[in-house]
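Trainee: Could you walk me through how to read a few features off a model like this one?

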Protein chains: 2
Amino acid sequence: MTTDYRKMWSDLGIDLKQHDTLLNALSLIYEEIYLSQRNRPKGMEFFDFVVGDIHGIRVQELRQHAINGGKVVATYCVFVPEEIVWAVDAIPVGLCAGTQFSVPIAEEVLPRNTCALIKSSFGFKLGRICPYVQTSHLIVGETTCDGKKKMFEILAQYHPVHVMEVPNKKTQLSRDLWLGEVIAFKEIIEKLSGNKVTADKLAQATKLVNERRRALQRLYNTRKAQPVPISGKDALLVTQVSFYDDVARCIQQVNVLCDEVESRVAAGDGVFPSNTPRVLISGSPMAIPNWKLHHILETAGAAVVCEESCTGTRYFSDLVPEDGGTVEKQLKNIADRYLQIHCACFTPNEERLDDIVKLAREYQVDGVVHYNLQFCHTYANEAVKVERVLAKEGIPLLRIETDYSDEDVGQLRARIDAFLEMIRR
Amino acid sequence: MTTDYRKMWSDLGIDLKQHDTLLNALSLIYEEIYLSQRNRPKGMEFFDFVVGDIHGIRVQELRQHAINGGKVVATYCVFVPEEIVWAVDAIPVGLCAGTQFSVPIAEEVLPRNTCALIKSSFGFKLGRICPYVQTSHLIVGETTCDGKKKMFEILAQYHPVHVMEVPNKKTQLSRDLWLGEVIAFKEIIEKLSGNKVTADKLAQATKLVNERRRALQRLYNTRKAQPVPISGKDALLVTQVSFYDDVARCIQQVNVLCDEVESRVAAGDGVFPSNTPRVLISGSPMAIPNWKLHHILETAGAAVVCEESCTGTRYFSDLVPEDGGTVEKQLKNIADRYLQIHCACFTPNEERLDDIVKLAREYQVDGVVHYNLQFCHTYANEAVKVERVLAKEGIPLLRIETDYSDEDVGQLRARIDAFLEMIRR
């Protein structure tokens, strides 16, 4: 760590002592979980560097952007249309947090029976240990779950917050409501940045964000190969990093990685033996450094080949049409695209069940692990339906409910070992 | 119990063995909690009878209504506009359940980390122990919380369900959405019943439901007196019964009770000594037979003088305007009135904080108990804000999070004793 960073963190109001502890812990975890892997693609070096420097260069870039008069917009969810943020030369950055470290800090205020992702994120702000939130001019929340919806009200007592209303159903009126929220968001972002969203700028931003989506689709596509050319942990990391790294750089680096991984596929090279059980993980998102489930699965002898989640396919599967037109028309396209996300916040959300079955086939999986952050009611309830559908399809399922702590690791290992034993070919 | 009822229950598909156990348990609990009270108003005899006959006459009435071609519409929430149901000569009946008895049954399907109210209600259907749900032709759900929103999807695999979308915010577009949901509900209810909602019928139904609201307002108004003329337990029971009893009969009986209780106020008669600490309970609803918190408080020497909840003031504080007009105009009035409910499902919901402070003053309370059903995220998060506001106002607060089990009763008693010690004048 250079001293420059310490000065910057201090200027951002970071609690340096707590922050040092966090970064040291992260470094050790990363070494154990990531750097211990064998036969990793060389293209992962960039992502290793990004994590190693997690609160460094990228924060400096955002900070410089702010010093130059630009705005930084922090988000918690794949429903916030980042195209609009880029279109006014502001920078969006994903804030979801995946560390147990900040959970006890959050629990001083938030109800304990709240999912770890919400507590971890809130704890980052309360404990002043996240330079991304400190750099941001506005946090944009949404109403996708009760826990976040109400947490944002409390967070607003510490930081500027705007909440977008994601509807519960997908009727025409719900769609009208959502389009209205997207338009209102555009106006808020224009006001924040002092720049107007023009048709050209929006079309350009749409192309850029789509380009990142295509790069991630390309990466995920290689994971359909047998043997799988990249570990689930590495693929997850790429998605996680893309939430906060510079979009153009991210696209380039993901494509460099894809070139390499596609050669592996062509050569029939894999990171795991070809008889390794292939697993699809479906459910709650996994924010950095929440690699718990992937790590347990892949050290137990499985390969995670796909994530049906907001840090997986839900993040990049759908593109926004690039046929341009007026700002109004483009906003309509954006609103439509985002409402296609098969999030458990919708009722009903049968499309997600179809997705899981489709992905299970496409990625040739031997079993599905339904991952549920504890106290997340929407995914916990959908698990009941996922179980019924997969039973009908004859696809083995393991339901996991957990948090960010290490307390249940032993129990999870035992359950996962038993599951892998069952699905091993 | 007459044998007539057993035949009826059997025809309704009730699991008679389980049902016997439930009714016997209820009878014992009621004797202990209610009939042990001293100096109760004579007008409570009607409500004692209703509970003693809980699955008897009223179910028979609904059953007869159904046999005559009428429809029964079951609801879980104060957001479902019952005026529309009455207007087509259908009968609405509240289904929320407050017993631990059906919780383990629900846990065979639903996630365990679900609030007791949802589990208890769902268990009633799954276990076939509630003749009300068995009699109903349609269950109308809503999207006021993640737990219910997603439970209704599962419930729909066992019973006809329609879900109304309650919005998350109160913008103009959210209001349009809600009005659309109310209009769609009218159409669904018309189709179900085969009857049209006419302006006259709707105006008549509105007057009727308002009349019950006024009767409950009248009852609550007497609780502002010092000493309080009716126990919190008795007042809560009246509200609970009004969710499923015949509306005209209920109005009459509540008013008879009010006549008596108002005389007590005039005479300065109370059910508790005049130095009894007065408590406002605010938070999650309490469905029959969830009398746990009231019982602990009132046997510990407090008087519960008001409930800011959906089985309290939120249920009846606002009237629908009775100025009639076209069906469209009346539906707009209905939609507006229901969206005024200060439910924690809305973000923000600052009006509830104002309500709590206002009610605390009006009912001259010595303290507030914030009641939170475990795993209810919306009220648990609002408790944080309630705590901050009440601290500023100098009103003592006790935050309780619990379920329907008896496991924590000892701990609750200890905390409540300490709280009462502190607030005693």
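Predicted model: local features only at pLDDT ≥ 70, side-chain atom pairs only at ≥ 80, totals over all residues.

Trainee: Is B:S282 buried or exposed?

Mentor: The cut-off for buried is under 20% relative accessible area. B:S282 comes out at 0% relative accessibility, so it counts as buried.

Trainee: Which residues is B:S282 in contact with, leaving aside its neighbours within four places in sequence?

Mentor: There's a run of them, B:V368, B:V369, B:H370 and B:Y371, plus B:E308, B:R352 and B:I356.

Trainee: Now helices. How do I read which side of one faces inward?

Mentor: An α-helix has 3.6 residues a turn, so residues three or four places apart point the same way.

Trainee: Which residues of α13(B) are buried?

Mentor: B:V247, B:C250, B:I251, B:Q253, B:V254, B:L257, B:C258, B:V261 and B:R264. They span an arc of only 165° around the axis, which means they lie on the same side of α13(B).

Trainee: What do the buried residues of α13(B) pack against?

Mentor: Four helices of chain B: α3 (44-52), α5 (82-87), α11 (199-222) and α12 (232-242). On the face turned away from the buried side, you'll find the exposed residues B:A266 and B:A267.

Trainee: And what should I look for at the ends of α13(B)?

Mentor: At the start, a side-chain oxygen of B:D246 comes to within 3.3 Å of the backbone nitrogen of B:A248. Just after the helix, B:G268 has a positive phi of about 70°.

Trainee: Last one: how do I read the relation between the chains?

Mentor: Two copies of a chain are related by a rotation about an axis and a shift along it. Here, chain A superposes on chain B by a rotation of 180° with 0.0 Å of shift along the axis, at an RMSD of 0.0 Å. That's the relation of a two-fold axis.

Trainee: How much area do chain A and chain B bury between them?

Mentor: About 4000 Å², with 49% of it on carbon and sulfur atoms. On chain A's side, A:K150, A:H377 and A:N381 lose the most area to chain B, together 16% of what that side buries. By contacts, 47 residues of chain A touch 47 residues of chain B.

Trainee: Why do we say the copies meet through the same surface?

Mentor: Because 100% of chain A's interface residues are also interface residues in chain B.

Notes: Residues numbered from 1 in each chain as written. Chains lettered and ligands numbered in written order. Heavy atoms only, no water. Buried < 20%, exposed > 50% of the residue type's maximum accessible area, 1.4 Å probe, protein only. Helix = DSSP H or I, 4+ residues; strand = E, 2+ residues; numbered from the N terminus. Arc of directions from axis to C-beta. Contact = heavy atoms within 4.5 Å. Polar contact = N/O pair within 3.5 Å; in protein donor to acceptor, adjacent residues only side chain to side chain. Least-squares fit on C-alpha atoms with pLDDT ≥ 70 in both. Buried area = accessible area lost by both parts, 1.4 Å probe.
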